[in-house]
Amino acid sequence: MHISGVHTVLPDHRYDQAEITEAFSRLTEADRDLLEHFQTATGVQGRNLALALEDYGKLDSFTRANETHTEIALDLAERAVLGALTKAGLSPDKVDHLVFCSSTGLATPSLDALLAQRAGLRDDVKRVPVFGLGCAAGAAGLARLNDYLRGWPGHVALLVCVELCSLTLQRDDTSVANLLAGALFGDGAAAVVATGHGAGPEVVTTRSKLYPGTGHLMGWEIGRHGFRVVLDDGLAGFVQQVLGGDVKAFLADNGLTPDQVGAWICHPGGPKVIETMVEVLGVPPSAFAVTRESLREHGNLSSVSVLDVLQRTRGRPGQSGLLMAVGPGFSAELLLLHW
């Protein structure tokens with residue numbers, strides 16, 4: 001599979017971190033000093049949000065937040081799709097397969113059905129809507145495109161990820177997890193066009209890893225309140241224990257070591273996770289420079305982030321790259337790329 005076009009789209013409402021901190025403090029009962037601590041610790045300088053800051057107070061129910069998600073997600077997804085297709089030099093009617101991922105809103109008909117009509121895809125496009133993969137969905141979606149194109153190498157496959165994390169804000173939740181999420185996560189969409197043959201980096205092989213008994217590390221508590229974030233303080237420690245070894249094993253199975261990877265395309269979970277990965281892989285901090293750049297400029301965009309890092313990465317001919325992301329489950333997705 002070749003990655004022929006990647007395009008990231010952000011909402012128009014851009015704010016620096018201090019503005020978001022001020023607005024969040026007015027909406028919640030959170031301690032201001034603690035909130036400012038988290039906002040600073042993330043290393044995020046600013047984020048694009050689905051709504052203007054003054055409009056978040058109007059989200060007085062899960063229903064209203066979810067309706068807002070549908071409306072804005074479709075607009076961003078359409079722009080991402082058309083941008084990625086333009087970069088790939090293809091028209092919408094050439095798309096044969098569509099994988100749509102989001103973990104911040106729900107809809108039936110699923111958003112991919114609505115998106116296909118808005119973006120001008122054919123009425124016989126094969127659709128797979130995916131919910132619940134969280135931050136891993138960008139990498140997992142690429143791996144599933146690769147699976148499809150191995151069977152249909154003459155087809156065109158499209159991945160779309162949309163996450164509007166700010167719409168899940170819990171105003172009455174003063175837990176560390178909610179405060180951290182409010183300081184870290186941003187909003188955006190990204191689309192990837194993939195072909196069996198063509199230009200762009202090639203996906204050589206992929207691997208999925210599920211860690212039993214770790215469902216408590218991250219996810220949602222879903223109820224009348226909507227989506228309440230779960231972020232266990234043991235997450236970074238678990239990453240340190242297992243993920244480095246699994247990445248090294250994946251590379252070794254393909255005749256590589258970490259120092260032979262020229263491009264690291266990683267989901268920026270947060271500063272602590274990035275630092276942990278640098279340590280366990282034994283690579284210089286500069287290996288994750290593009291990942292840190294994405295986090296600093298946009299925050300953690302959940303499934304969209306790794307695709308934003310992919311768009312920013314400029315591989316050299318003959319270079320190997322590793323694309324990876326982690327998500328609820330707890331799970332990891334690894335893809336070996338070659339330019």
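Q: What makes helix α1 oblique to helix α6 in this predicted model?
A: The axes of α1 (residues 17–27) and α6 (residues 176–184) come within 10 Å and cross at roughly 140 degrees. Axes are lines fitted to C-alpha atoms over the stretch in contact, with angles from 0 to 180 degrees between N-to-C directions. Angles under 35 degrees count as roughly parallel, over 145 as roughly antiparallel, 65 to 115 as roughly perpendicular and the rest as oblique; α1 is therefore oblique to α6.

Q: Which residues make the contact of α1 with α6?
A: With contact meaning heavy atoms within 4.5 Å, Gln-17, Ile-20 and Phe-24 of α1 meet Asn-178, Leu-179, Gly-182 and Ala-183 of α6.

Q: Why is helix α10 described as largely enclosed by the rest of the structure?
A: Buried means under 20% relative accessible area (1.4 Å probe, protein chains only). In α10 (residues 305–312), 6 of the 8 residues are buried, so the helix is largely enclosed. The buried residues are Ser-305, Val-306, Leu-307, Asp-308, Val-309 and Leu-310.

Q: Which helix gives the most to the lining of the second largest pocket?
A: Helix α3 does, with 3 residues. Both α3 (62–88) and β10 (226–231) supply at least two residues each. The lining has 19 residues, with Leu-59, Ser-61, Leu-169, Gln-170 and His-225 nearest the pocket's centre. Lining residues have an atom within 4 Å of a point on a 1 Å grid, and a pocket is an open set of points where a 1.4 Å probe fits, with protein on both sides within 12 Å along at least five of seven lines.

The model is predicted: local features need pLDDT of at least 70, side-chain atom pairs pLDDT 80 or more, while totals for chains, interfaces and linings use all residues. Residues are numbered from 1 along each chain as its sequence is written, and side-chain values use heavy atoms, leaving out hydrogens and water.

Notes. Helices (H or I, at least four residues) and strands (E, at least two) are DSSP runs, numbered from the N terminus. Buried means under 20% relative accessible area, exposed over 50%, partly exposed in between (1.4 Å probe, protein chains only).
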